[in-house]
Amino acid sequence: GNIVLEMQEAWEGGAFELYYQPIVRLGDGAWTGAEALLRWNYPYRGVLPPALFLPILEKSHLAAHVGSWVIEEACRQASDWRRRFDPNFKIAVNLFELQFKPGTLVPKVRDVLARNELPPQALQLELTERIILADDPRILEQVRQLREIGVGIAFDDFGTGFASLSALKNYPVSCIKIDRSFIAEAADNPADLSIVSSLINLSKSLNLETVAEGIETSAQLAAIGPEKGINGQGYLFSKPQPPRRLEALWAAERDAA
Ligand code: G
Ligand code: G
Ligand code: MN
Ligand code: NA
């Protein structure tokens, strides 16, 4: 059938939901925030990961609506968690390029923050290299405005593209997320570990926050070095989870601390 039509019906029927993956301070294991990740609850087939539908969603007329809802829902959830568990908890949200329609994103973000009584630092927007390398002055202007308000901007999957370094110079990012392809071999391959260490040092010397993505094993964690004062994300800590399940894991983590 027509997948866009199916997506439209799924969207209208509330079949999209957000999972959350914790972002962890490597030094002491404390959860400092979470990344919101979109899922499609597909009848009979279970939960579809974004890899299977995001490329199509992105090109459809639904992208703007879904993207806007993701910001709205993630901020509502963050506000709830800050009230109940941790007043400093942060939420990270991925953006579609399409959401940078001039004159829409910045007012939207201001409005959502105000309605949920969130300080701007509570929100981090994640940009892929594809968005950054598009080098569109209208996008850059909006990113500047968001940084001026105080919203965090993360450079997602950093290091995978051939122009990551020159893009860093021009883009007002506040956080680098080191791509999981470098973490995967960090415990086994000295070259990969050197790259990870260099990226951490680069990020620190630019006064940026750092997140090492895709940490799956304690050997990888040990190789990266918990002492380096950065954050991490990955299956070692938790897979992306529905909010209720994340709350249960989070409670267990706090009890263990
Ligand atoms: O959640 P996964 O586990 O599979 O995510 C796969 C990809 O989909 C990632 O690159 C992630 O950035 C992207 N993605 C997940 N949720 C969203 C979302 O809400 N908006 C956008 N734009 N991308 C998302
Ligand atoms: O591209 P982005 O970083 O936004 O998307 C995060 C993606 O990484 C999601 O698809 C998420 O499910 C996935 N992910 C998170 N932690 C791990 C991990 O430890 N290993 C692997 N292989 N994927 C992970
Ligand atoms: Mn991301
Ligand atoms: Na990433």
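## Helices α3 and α4

Helix α3 (residues 63-84) and helix α4 (residues 105-115) have axes that come within 10 Å and cross at roughly 25 degrees. Angles under 35 degrees count as roughly parallel, so α3 is roughly parallel to α4. The crossing of α3 and α4 is right-handed.

From α3, the contact uses S68, I71, E72 and C75. From α4, K108, V109, V112 and L113 meet them. The residues of this contact divide into five nonpolar, one polar and two charged.

## Model confidence

This is a predicted model. The protein has an average pLDDT of 94. A pLDDT of at least 70 is reached by 100% of the residues. The model's ipTM is 0.96 and its pTM is 0.97.

## Ligand 1

Which residues surround ligand 1? The shell consists of L37, L38, P49, P50, A51, L54, V70, N94, L95, F96 and P240. By class, the shell around ligand 1 holds 10 nonpolar residues and one polar residue. It has no charged residues.

## Ligand 2

Ligand 2 is surrounded by 15 residues. The closest are G214, E216, G234, Y235 and P240.

P240 is in the shell of ligand 1.

Key:
Residues are numbered from 1 along each chain as its sequence is written. Chains are lettered from A and ligands numbered from 1 in the order in which they are written. This is a predicted model: local features need pLDDT of at least 70, side-chain atom pairs count only at pLDDT 80 or more; totals for chains, interfaces and linings use all residues. A residue is near a molecule or strand if its C-beta atom, placed from the backbone, lies within 6 Å of it. pLDDT is the predictor's confidence in each residue, from 0 to 100. Axes are lines fitted to C-alpha atoms, for helices over the stretch in contact, and angles run from 0 to 180 degrees between N-to-C directions. Helices (H or I, at least four residues) and strands (E, at least two) are DSSP runs, numbered from the N terminus. Angles under 35 degrees count as roughly parallel, over 145 as roughly antiparallel, 65 to 115 as roughly perpendicular and the rest as oblique. A crossing is left-handed if the near helix is turned anticlockwise from the far one by less than a right angle, and right-handed if clockwise. Two residues are in contact if their C-beta atoms, placed from the backbone, lie within 7 Å. Ala, Val, Leu, Ile, Met, Phe, Trp, Tyr, Cys and Pro count as nonpolar, Asp, Glu, Lys and Arg as charged, and the others, Gly among them, as polar.
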